[in-house]
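Dear colleague,

Please find below the structure that I am handing over to you, followed by an account of what was found in it.

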2 protein chains.
Amino acid sequence: MMKQSIETNSHPWVALEELIKAGNAKQLNEFLDGISPAETARAVSRLAEEERINLLVLLSPEDAAEVLHDLPDEQAADMIEDISPEEAAAIIAQMPGDEQADILADIDTVDAEAILNAMSPREAEKTRQLLQYAEDTAGGIMSTKYLAYPEMMTVGEVLDDLQIHNEAYSDYEVQYAYIISAEGRLRGVLPMRDLLLANRSKPAGSIMRSDPIRVRDDAPLEELIQLFEEHAYLGVPVTDKSGRLAGIVTRAGVMEASGHRAENSYLKASGIVGGEEFRSMPLAHRSFRRLSWLSINIVLNVIAASVIAFYQETLSAVIALAVFLPIISDMSGCSGNQAVAVSIRELTLGLIKPYEVARVFFKEVGVGLANGLVLGILLGAVAVFWKGNPYLGLVVGGALATNTVVAVCLGGVVPLFLKWIRMDPALASGPILTTVTDMCGFFFALSFATAVLPLLS
Amino acid sequence: MMKQSIETNSHPWVALEELIKAGNAKQLNEFLDGISPAETARAVSRLAEEERINLLVLLSPEDAAEVLHDLPDEQAADMIEDISPEEAAAIIAQMPGDEQADILADIDTVDAEAILNAMSPREAEKTRQLLQYAEDTAGGIMSTKYLAYPEMMTVGEVLDDLQIHNEAYSDYEVQYAYIISAEGRLRGVLPMRDLLLANRSKPAGSIMRSDPIRVRDDAPLEELIQLFEEHAYLGVPVTDKSGRLAGIVTRAGVMEASGHRAENSYLKASGIVGGEEFRSMPLAHRSFRRLSWLSINIVLNVIAASVIAFYQETLSAVIALAVFLPIISDMSGCSGNQAVAVSIRELTLGLIKPYEVARVFFKEVGVGLANGLVLGILLGAVAVFWKGNPYLGLVVGGALATNTVVAVCLGGVVPLFLKWIRMDPALASGPILTTVTDMCGFFFALSFATAVLPLLS
C-alpha cells in the first residue's frame, strides 16, 4: 500500500515531509526502508530543520541510526547537534564505534561532551579513545568490526561463535579472525579457510599464523596506501602502542579515505574550508564559513593591488595599461595554479618529497619560460593590434612572460614548502601564490611602462 | 651483498641509474625487488628517457611488467610508447587483462594498434574488448581476476583446482566463485565457505546461490558507489548485454575509481587537462598540455577586459578605480568558485540533480547577498579610508556586492547546466564563471562610476 502511494509521487521528500507531519513512526520507517540510501540522503537534505529534528525523534534510536548512516558524516553531525544529548546518545549507541567517532568528531566539543556524558560510561570511554585518532591515520580510518578470539579458545568454539552470530557478522569486511592474548595483544591471524579445515578440538592459537603484518594506530594514510599497493591484502590489523588489537583497516576503507582526501583538497583549493558544506545547512552557517576564507583573501587582494597605487602617474599617462593589469594578474594565477596542482598530486603520490625544492624549481623554470614566451607574444600582439604601439606590446607581453616564469616556479615550490612546515598545501598555496604573483605582475607591467613612458604615449 | 651497497646510498635512483649503465639484468631485478613500489616509482621517474628505455629492455618481460605495475598508468603508458611494439607486446602480455586495457587506453591510438597487432590474436581480441569500456563504467573499473566454474563441475573438482592454483589465486580479491553456463552466462555465486562444507561429489551448480546481484558492464560509477553503500558486498559480478560474466567490480576498486575522479576534478579545475602530468614527462609535452588550456583562457580574459576599454574616459578621470578593478575581479572569482565546488560535490554525491537549477539558485542568492554585503562594506571602507571620498566607497563597494551575488548564483548553477548538456563541470565551470564575472564586475564598477562621475573627482 505505502509503496504504491510513493511510486506515484515523483519526489520522495514530499512524501517524507507528509509522513513526518502525520507522525506515524511505523509508516515512516517502512517508507525509508523502501527507498535507497541515496534517495534518503537527498530527501533528508530537503527537509526544514524542524522536520529533521522531528524525524530523528519520531524514529526508534535504531532506525534513526540507520537514517544517519545514509547521510554524509557532516550532515549527520549537524542533525545530532539539534536534538537533546540524551536522545543523541541513544541514537549514537546504535552505531558501530568508528561511525560514532566520525560523527562526534564533526560536532562542537561542548555538544560532543554532553552526548558522551549521556552515554554509558563504558561506551563513552571506547568512543573517547577513537576520537583521539587523527582523521588521516590508521586509527581514524580503521573499522572496529573485526573478529578476535583468545588463543586458548578451541577451533570448535570459534566455529560455533561464527555460526551463532552469522547474521551479525555478515557485514564484517575481512575474511580473517584475529587471535589475541588475555591482555588483548595481537598474537596471530587465522584465515577462515584454515579454520574450516582444522581439527575442532585444537586451540585456535595452535593453528594461527603468528606475528602477522600489522600497522600502528598512528600510521599515516600514505603508509597505508603504500602497504595496500605493495600487497594484495584485503585488510590489515591495527595495534596500539602496547601491541593491543584496536581495529582493522580494509583496502576499501583506505581507498575511500584517499578519495575523501582528494575531494577535500579540491574543496579547500576552491575556498570551501573548515569542514564540508551542504546546501541543507542554515544560511548563516554557510555564509560565515565561506566568508572566513574570503575575508582573508580580500586583505591579500588589497595588499597586492596597492602596488598599482604607486604608479598612478604612469597609469594616467597610459590608461590602456588598466585593461591589461587584470589580464596579467589572472593569467599568471592560472599558470601558477597548474604548477600547484601538479605539485600537490606528486606529493600525494609520494613522487616528490618536500625537500626536493631544487628539482621542482628546475623542472618548472623550463615550462615557465616556454609558456611565458607564448602567452607574452599573444598578449603583446593584442596590445600592438589594438593601440598600434609596439612598445606597449613589449611592456605588456614582457610583463606577462616574466610573471609567468615567476608564477610557475612559485606555484611548483610553494606546496613543498607548506608541506615541509606542516601546513596544508591545498588550503594555503592558492592565496599565497595569487597574492605574490599579482604584486609581481602589477610591478612588472607598471615599472616596465614607467621605464619607457615617453615611447608609450 | 647488493642490499648493503644500496642501504649506504641515500638515493635509490642513483643506484638504479648505475645498475642500468652496468647492464646486469639479474642485479637490476634484485635491486628492484628490494625497494618498495613507491621507491620504484620515484626512482624511475627520475631516470632520463633513454635510461628508462634501457631499463624496460634489460629486464625480462615479466620483471618489466612488475616495474610498470608500480607506476601510475600514464607514466607506464609513456614508457611503453618509447619501446618497439614487439617488446611492448611481450611486456603487456605479462599483465592482467584490466591493466593491459588501462595502459593501452593511455597510449596514442596508432601506437596502441601496433602493439595489439604484435600480441597473440586471442590476447589482442580480449584486450580490444576491454578497451571499449568507458573509464567510469563497471567495464572500465572491473578486474578480470575472478574464479568461474561451469555448472556441471563437481565441488571436488573445484576444490582441487583451488588447491593446485592456490598461489596464482592468492591476489584474487573476492572470496566467491562464480558459476557459469557453457556459453559463459552467469548462473550463480558460490561463497568459498559453502564450497568447503559441501559434499565433494555434488555438481557446483546444485549448491550455488542462483540469480545473484550483478551489474551490467556499462553501469556508471555513480550506480556502483550507491550499490556498495547500500550493501556490504566485497565484490559484485559484471555481465555483458547477453548475460555473460565479464569480470568483477570490488568495493576497493570502486572506492579507488571514485578517489581518482575526485583527484581528476581538482586537476581539471586547476587547468591540468588532457590526462595527468608528471614532471618526468618531456618538457615540450608538459608545456603544450598546459598551454592548450591557458590559450583558451587568455582569449576569454581579453574579451572580459575589453569592457574596461569602453570606459577609458571614466578611468582617466578617476584613476583610483584601476586599483580596485583587479580586486573586484579576483574576489568575485573566489566567491563564485566556492559555489562551483559545492555544486560539483553535491552532484557527485547525488544530492542534487542537474535539473534542480531553481533550488540551487535560490540557496545561493541568500549566501550571495550576505557575503556581497560584508565584502562590499569592507572594500568600500578601504576606498573611503584611502581617498576620503564616500562616493568612491559606494561605487566600489556596490560593484563588489552586486557582482558577488552574480558570481555566487552563476557559480552554483553553471556546473548543473554543464552536467545537463553532458559537459564536464570540473573542466569548464571555472573559465565560464570567471569570464562572465570579470565582465560584469568591470561593467558594474565603471558604469556606477560613470553615473556619479562629478561626485568622484
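Among contacts in chain A between residues at least 6 apart in sequence, 72% join residues at least 24 apart; two residues are in contact if their C-beta atoms, placed from the backbone, lie within 7 Å. Please note that this is a predicted model, in which local features need pLDDT of at least 70 and side-chain atom pairs count only at pLDDT 80 or more, while totals for chains, interfaces and linings use all residues. Residues are numbered from 1 along each chain as its sequence is written, and chains are lettered from A and ligands numbered from 1 in the order in which they are written.

Chain A as a whole. Its C-alpha trace spans about 100 × 60 × 40 Å along the principal axes. The radius of gyration of chain A is 29 Å, whereas a compact globule of 457 residues would have one near 23 Å (taken over C-alpha atoms; the globule rule is 2.2 Å times the number of residues to the power 0.38). Of the 457 residues in chain A, 51% are buried, that is, 20 or more other C-beta atoms lie within 10 Å of their own, with C-beta atoms placed from the backbone. Chain A holds 24 helices and seven strands, which are DSSP runs numbered from the N terminus (helices H or I, at least four residues; strands E, at least two).

The sheet. S5, S6 and S7 of chain A form, in that order, an open sheet with mixed pairing; strands pair if DSSP finds at least two bridges between them. S5(A) and S7(A) are the edge strands, each pairing on one side only. S6(A) and S7(A) run antiparallel and are joined by five bridges. H17(A) packs on this sheet, touching S6(A) and S7(A), and its direction makes about 70° with that of S7(A) (axes are lines fitted to C-alpha atoms, for helices over the stretch in contact, and angles run from 0 to 180 degrees between N-to-C directions).

Helix H16(A). Leu221(A), Leu224(A), Ile225(A), Leu227(A) and Phe228(A) are buried in this helix, residues 221–230. Viewed down the axis of H16(A), the buried residues fall within an arc of 160°, so they line one face of the helix; the arc is that of the directions from the helix axis to the C-beta atoms. Their cover includes H12(A), S5(A), S6(A), S7(A) and H17(A).

The interface. In chain B, 85 residues are in contact with 86 residues of chain A. H20(B) gives the most to this side of chain B, with 18 residues.

With kind regards

Terms used: Buried ≥ 20, exposed ≤ 12 C-beta atoms within 10 Å, placed from the backbone.
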